[in-house]
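Dear colleague,

Please find the structure below, handed over for your review. A summary of the findings comes after it.

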Amino acid sequence: MTKPPQKDRRKDRLLRMPEVRQRTGLSVPSVYRREAEGTFPARVHIGLRMVAWYESDIDDFVENPRNYRVDQAA
């Protein structure tokens, strides 16, 4: 099985939790639970106690939330 090409992140916005929640309709615990299960995009640490998500990853999730898998989205 071949891996999909890496995304170009240079122009990709980083979204903080409030915007992720607004776009996905998920609660904070649901985001973290689904992330641990591999059914939600992985967060990126942007500071000591700050995380964000790439906008393109959130867009991919919103496009097909029921069948989203991290290993297929890369």
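This is a predicted model: local features need pLDDT of at least 70, side-chain atom pairs count only at pLDDT 80 or more; totals for chains, interfaces and linings use all residues.

Residues are numbered from 1 along each chain as its sequence is written, and side-chain values use heavy atoms, with hydrogens and water left out.

Aromatic pairs

A pair of aromatic rings is described by the distance of the centres and the angle of the planes. Rings of Phe, Tyr and Trp (its six-membered ring) are paired here if their centres lie within 6.5 Å; planes under 30 degrees apart count as stacked, over 60 as edge-to-face and the rest as tilted. By this rule there are 4 aromatic pairs. One of them joins Phe40 and Trp53, edge-to-face, at 6.5 Å centre to centre with 75° between the planes. Phe40 lies in the loop between helix 2 (28–37) and strand 2 (44–47) and Trp53 in strand 3 (residues 50–54), so this pair ties together parts that are 13 residues apart in sequence. Helices (H or I, at least four residues) and strands (E, at least two) are DSSP runs, numbered from the N terminus.

Phe40 is buried, at a relative accessible area of 0%, and Trp53 is buried, also with 0%. Buried means under 20% relative accessible area, exposed over 50%, and partly exposed in between (1.4 Å probe, protein chains only).

The ring centres of Phe61 and Tyr68 are 5.7 Å apart and the planes stand at 75°, so this pair is edge-to-face. Phe61 is buried at 2% relative accessibility, and Tyr68 is buried at 7%. Ring pairs link Tyr32, Phe40, Trp53, Phe61 and Tyr68 into a cluster.

Charge over a ring

Arg9 lies over the face of Tyr54, 4.0 Å from the ring centre. The criterion is NZ of Lys or CZ of Arg within 6 Å of the ring centre and within 35 degrees of the ring normal.

Loop residue Thr39

Thr39 is in the loop between helix 2 and strand 2 and is buried, at 13% relative accessibility. Leaving aside residues up to four places away in sequence, Thr39 touches Arg34, Phe61, Tyr68 and Arg69 (contact means heavy atoms within 4.5 Å).

Strand 1

Leu14 lies in strand 1 (residues 14–15) and is partly exposed, at 39% relative accessibility.

With kind regards
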